[in-house]
Amino acid sequence: MNMHRRFSRSLVLLGFSISLLARAQGPPQSGGDFSSNPHPSVLPSNVILVKGAWSSASDSVTPLPEGGRVANNAYSNQYFGLTYSLSQDWTEKYSGPPPSDSGYYVLAQIRSADTFKGTSRGSILIAAQDLFFTLTPAGNALELINYDKESLNRDYKVEQPPTLVTIANHSFVRFDYGSPVAELHWHVLATQIRCHMVQFVFTSRDTKLVESLVEEMGKMTLPAEAGPISGRGGGEVPVCIKDYARDENVLERVDPIFAERRFNPVPVRIIIDKQGKVKHIHFLSAFPDQAKAIADALSQWRFRRCLRDGEPVEVETGIMFGRAPRPATLRSTNAATE
Amino acid sequence: MKTIKLASALAFLMALFFPGMAFAQTDPGVRSNTGVNAGQPYASVSANANDLAFYQAGFAQFTEHQTVTGDNPGLGPRFNLDSCGACHSQPAPGGTSPAVGVFPHVGPNPQSQVIANGVVIGSTNTIPFFVQPNGPVREARFPFFFDRFGNPNPNAPNGGVEDLFTVSGRADAVSCNLQQPSFNAAGATRNMIFRIPTPVFGAGLIENIDDSTLLANQAAQAVFNRVGISGTFNHNGNDGTISRFGWKAQNKSLMIFAGEAYNVEMGISNELFTQDRPLPGEDQLGSGLPANCLNLAGVGYPEDITHSGGTSASTVTSDTALFSVFMKFLDQPTPSTTSPGGATSIANGRRLFSAVGCAICHTPSLTTQASNLTSDLSKATANLFSDIEIHHMGVGLADNVSQGGAGGDQFRTAPLWGLGQRIFFLHDGRTTDLLAAIEAHQSSGSEATAVEEFFDLLSPSQKQDLLNFLRSL
């Protein structure tokens, strides 16, 4: 009896505590008289707390393209398997934006540090463009750079057309251009790794500085596959195949059920294991509810196994959810060209 | 002769001891020597008597002051000001925040004058601390709801407009007694952001750019070395098409834009937004507005309607539709080819603007589709300097307010036409210095960081040319 009474009393106390807690949290308010709270919590500054469509992944272990970092005078990126050493006078002040819904990544933005002693300053942009979601009708890094060259407007001057060069024992495509009016020079060096064009853009008024930066690329380490056409994965990393998720390769497909109707593109990069199951999902840009619905659906997909030399291999590919995929298009004639 | 020698010696000494100062670039400021560059209807509107009458009726409504009751009823119970044209006034009706000491001297921030002008009663309203006579017109939003103790709750996003003033205390408000939101608490907890009015010159052209043109422009920018930039579009939640008005491109059309502003900024219900609007917290609490604050105009809802008893197009049409007509028929601003800095500097600045990459987002011009309204909107070149895309602008500009598909750091590329006669810059009007506004494009998470870095690589005289170009718009 005592036991029962004690249990009842505990229940009442628990209920009372919960009700107090609920009242403390209270309904949301726009305002009111908060003078009784002399030390309110202050929101942090310079933090994006409300994110729209953003990047995320199904696990925190598998390296992501945007996962590189500048540390100890080097930019290293596990996904791309590259390490790029910086001299002490170069630093990353600001990180880049999240991946775009057309598969573009700002990997690092590096600039001359305050300690830089040279007469002209410069900047280094390391970026990547995947071949899964690019809006450009290009099949490899070389074609992407050629499109860049073809789309240069009259304010720029080609200083060296796209040319194959060897950097750190790997093939790159190099494209130099400049702006006579701005007196700036851009040297672009690009290669392809895992179906992504990885691009180094060196900019300065001083061509000697830019050239020295290009020379310093020789200290870079890269995976064996790197090359303006060749970088299609394989070996230690999955083979990458654009549009692998086409009908003939998908044995079982379950469409995601979205709770809310949205109209944003949701580019998703997946890795399919050797048995044809999805083992990793990377949302380049998705609202959390979209990511959840897509992850639930993809866990039920089954793909035809991909064979290389008769052996099953892992496959990396891209699928566009949300909006219907847009065909890659050429330069608009309707937009003004300054 | 002595004077010239003295001046030369002084200039030499200045250059010797203050070389940075001698050559540093500066914002030329609001352009005042070429007259007001905006605020006129299209020539094709002026040439058509019916269209012109429609435009003039729209202008009259746009600049009219509303009251709670009477001839122009419906104001409140909460509002930011009592007239579209009071906030959208620099350098002409349809523009943005005015200032008293700046050409064309429209007047002080009208929100700072509401007590003096009798729009609100000083015993029941205070002028919020962030509204200053020489500061911008501001709309305030709380990114997050507060808990009952006054702590902002990051798990409860708000982001709705917190109107600055109430009708309480006015004789025509009868017994409606509302409190102003807790702006001091919001400021103390950093739970408040601001927006300033977007100018609407040329807005009819923006409305008449087909989605296909915007998509093609986006694809075109993706071809060229995009130096960190990759935008996307905000979409209308009903039909999925590209939305384009407002700081986050959250509104699809000028009619929606007008209807929402009439409701949110002035508290006037209309055929698009049919109820008086409670604050976000009042709605979330489940109580809405108190009964004694409803139907203060005594005309029922919506307060602004199409008038079936009207005798002409303009007297039949609702205020909201007339605002929309006014904005549609308002021509784009006219840039100067010579001021500031001269024709050579402006032309050079224009090329530099493109060369460093500003034009990747600030697309200089786009072509409209055929128009059923007036010929000047048809197949026209809109020199808007915007791609209408939303871009990540990083932690430095993020306001943590989500609207439609735009997240807390995403903003529509602000159209730059008319910039030469704007006073306040960026979404919250934080600066009047164009150079500071450019520099604010750079922060962690911003798509524009690399382009801003290229701007920094320019020489002072090149930067000056670029600033002159922007102030010529």
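This is a predicted model: local features need pLDDT of at least 70, side-chain atom pairs count only at pLDDT 80 or more; totals for chains, interfaces and linings use all residues.
Over all chains, two disulfides are found in the whole structure. One of them joins A:Cys195 to A:Cys240, with 2.1 Å between the sulfur atoms. The torsion about its S-S bond is about 90°, so the link of A:Cys195 and A:Cys240 is right-handed. This pair connects distant parts of the chain, its cysteines being 45 residues apart. A:Cys195 lies in the loop between strand E10 (184–193) and strand E11 (196–204) of chain A, while A:Cys240 belongs to strand E13 (residues 237–240) of chain A. Both A:Cys195 and A:Cys240 are buried.

In chain B, the sulfur atoms of B:Cys176 and B:Cys293 are 2.0 Å apart and form a disulfide. With a torsion of 95° about the S-S bond, the link of B:Cys176 and B:Cys293 is right-handed. Here too distant parts of the chain are linked, with 117 residues from one cysteine to the other. B:Cys176 sits in the loop between strand E5 (165–166) and helix H6 (183–188) of chain B, and B:Cys293 in the loop between helix H10 (280–284) and helix H11 (313–316) of chain B. The relative accessible area of B:Cys176 is 2%, so B:Cys176 is buried. B:Cys293, at 0% relative accessibility, also counts as buried.

Other cysteines lie too far from a partner. For A:Cys306, the closest cysteine sulfur is that of A:Cys240, and because the distance is 11 Å, it is too far for a bond. A:Cys306 counts as buried, at 7% relative accessibility. The sulfur of B:Cys87 has its closest cysteine sulfur in B:Cys84, 8.4 Å away, which is too far for a bond, given that a disulfide needs sulfur atoms within 2.5 Å. B:Cys87 is buried as well, with a relative accessible area of 12%.

The contact between the chains comes next. Chain A gives 82 residues to the contact and chain B gives 86 residues. About 6900 Å² is buried between chain A and chain B, and carbon and sulfur atoms give 55% of this area. Between chain A and chain B there are three salt bridges; one of them pairs the side chains of B:Glu453 and A:Arg121, at 3.7 Å from N to O. Across the same interface, 24 residue pairs are in polar contact, both residues at pLDDT 80 or more. On the side of chain A that touches chain B, the elements giving two or more residues include helix H1 (2–25), strand E6 (104–112), strand E7 (122–130) and helix H2 (141–150). The residues of this side of chain A divide into 36 nonpolar, 30 polar and 16 charged.

Methods. Residues are numbered from 1 along each chain as its sequence is written. Chains are lettered from A and ligands numbered from 1 in the order in which they are written. Side-chain values use heavy atoms; hydrogens and water are left out. Helices (H or I, at least four residues) and strands (E, at least two) are DSSP runs, numbered from the N terminus. Buried means under 20% relative accessible area, exposed over 50%, partly exposed in between (1.4 Å probe, protein chains only). Contact means heavy atoms within 4.5 Å. Buried area is the accessible area (1.4 Å probe) that two parts lose on being put together, summed over both. A salt bridge is a side-chain nitrogen of Lys or Arg within 4 Å of a carboxyl oxygen of Asp or Glu. A polar contact is a pair of N or O atoms within 3.5 Å; within protein, one must be able to donate a hydrogen and the other to accept it, and residues adjacent in sequence count only if both atoms are side-chain atoms. Ala, Val, Leu, Ile, Met, Phe, Trp, Tyr, Cys and Pro count as nonpolar, Asp, Glu, Lys and Arg as charged, and the others, Gly among them, as polar.
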